[in-house]
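Hi everyone, thanks for making the time.

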Amino acid sequence: MSLVVLQPCAAAISKKHYEDTIKSPVHLEKVAGLLEPSDVDRLSALYPSGKIPLWGAKPGENNQHVAKWQRMRPGDIILFAKNNEFFTLGVITYLLRSSAAATQLWGTAETANGITQTWECMFAIDELRTISIPVTEINRVVDRKPNANVQEFQVLPQDKSDAVLEYLDMVGNAYAPVPDEPAYENDIEDPDFAQMEFMVEAVRRAEQAFLRKSLFPGDTAHCAICNREFPVRFLVAGHIKRRAACTDAQKRDYFNVVMPNCTFGCDSLFGRGLISVDDTGHFQVSPMLHYGDAAGQYLQDFVAGRACQLWMQNPATRPYFDFHYKTDFKNAVLEHESATV
Ligand SMILES: [Zn+2]
C-alpha cells in the first residue's frame, strides 16, 4: 500500500529547489553521466520526454532522513507544504541515491554542526498538480494536533497514509505495485470478499436510489454541468465534494453536496477532476485534457467558459465546489504544461 510523504517547502532554499527541479523538470542528459546505468534506463522508460521532476532529502546528521526515505516506494504520494497549506501533490515514480547528481543539481549545505551534506536521497515525481488544502485539514484526517505544522520531511505510517489517501481519493495509482495474479485470484474466490463486494454494491445502489428520488423526482432533470435536460435514467447523483472527504454533517446535507450529472460525459469528467468550478462559478478545464480529440470537442460544446448554474443559484453548494477545485481539480504544476489548452 502507498505511503504519504509530507515535504515542507517554505524555506528559501526549498523554494529554489522547487522552481529549479520540480516546476522546471530536469533534463535527464544533464545528470545521466553521474547515475548508475540501471537508473538511467529506468528513468528513460518512465519519462520518454527526458524531462524529470526531481527532489531529494539530505541524510541528516544522524542519517534520520535515510531511514524514512528507505520506506518510500514508487506509487507513494508527496504533498508539498508552505504557509500552512499543501500546494502541490505528486506521485513518486522512482527512488535513487546519488550524491554526485544531487550536488550537481542543488549543491551542498552544512548542517548545524558543520557537516557538509547534499540532497542525495532522491526521487522522481509524476502526475504533479496544484492543490490548496489547509494543513489543519490533513491534521484532522490523521488525528494530529490541529496546529501541528510540517517541520521536516516526513513519511507517514501506513494507517495515517491510508486515511490521507482515502481523503484524497488516491487509493491505488498507476505507479503503485499491483497485487500479483494469484493473490487477486484468491481474493475474488474468498467468500468474505464476495460478500463484502455485494454489500458495498448494495449500499451504493440504495444510496443512489434514495438521492435520485429526493433530488430529481420528475421524469427529467438538468445535468448540473452541461445544463442539458435528460431522462433521469441518464443522470447520477454525483457528490460535488467526494463522499469519503465529507464529515457526517456534510453527508446529510445532500440537497447541497450532491448534484445531477449526466452519464454522457459530465459525471466522468468531474469525478476525475478534469473539470471543476472556480471561485467565480465558471468551469475550468484541466490542462491535462487537449482540444482536438473527442473529449476536447465535448468540453468545447458543453462546458468550457460557461458558468455553472447550480453554483450561481445555490450559494450553499459553493464550499463543496471550492473543495473540489482546491483538492481534486487536476491543475498543472509544470511550466511546459500550462499552455496546452
Ligand atoms: Zn452533462
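Let me start with a question: which residues of E1 lie on one side, which on the other, and are they buried or exposed? Before I answer, please keep in mind that this is a predicted model.

So, the answer. Val4, Leu6 and Pro8 sit on one side of E1, Val5 and Gln7 sit on the other, and all of them are buried. In E1, which spans residues 4-8, five of the five residues are buried, so the strand is largely enclosed by the rest of the structure.

What does E1 pair with? With strand E5, residues 77-82, E1 runs parallel, and five bridges join the two. If you want to find that pairing on the screen, look for Val4, whose bridge partner in E5 is Ile77. The pairing with strand E10, residues 154-155, is antiparallel and has two bridges. There, Val5 stands opposite Val155.

Now let's move on to the salt bridges. The count for this model comes to nine, and I'll take you through some of them.

Asp20 has a relative accessibility of 36%, so it counts as partly exposed.

Asp322 is partly exposed at 30% relative accessibility, and Lys326 is partly exposed at 33%. While we are on salt bridges, there is also a network: Asp169, Arg242 and Asp328 are joined by salt bridges that share partners.

And which residue does Glu207 form a salt bridge with? The partner is Arg243, and the closest N and O atoms are 2.5 Å apart. This pair links distant parts of the chain, 36 residues apart: Glu207 is in helix H9, residues 191-215, while Arg243 is in the loop between strand E13 (235-239) and helix H10 (248-252). Glu207 has a relative accessible area of 23%, so it is partly exposed, and Arg243, at 39%, is partly exposed as well.

That's my tour, and I'm happy to take questions!

Key: Residues numbered from 1 in each chain as written. Predicted model: local features only at pLDDT ≥ 70, side-chain atom pairs only at ≥ 80, totals over all residues. Heavy atoms only, no water. Buried < 20%, exposed > 50% of the residue type's maximum accessible area, 1.4 Å probe, protein only. Helix = DSSP H or I, 4+ residues; strand = E, 2+ residues; numbered from the N terminus. Pairing = 2+ DSSP bridges. Salt bridge = Lys/Arg side-chain N within 4 Å of Asp/Glu carboxyl O.
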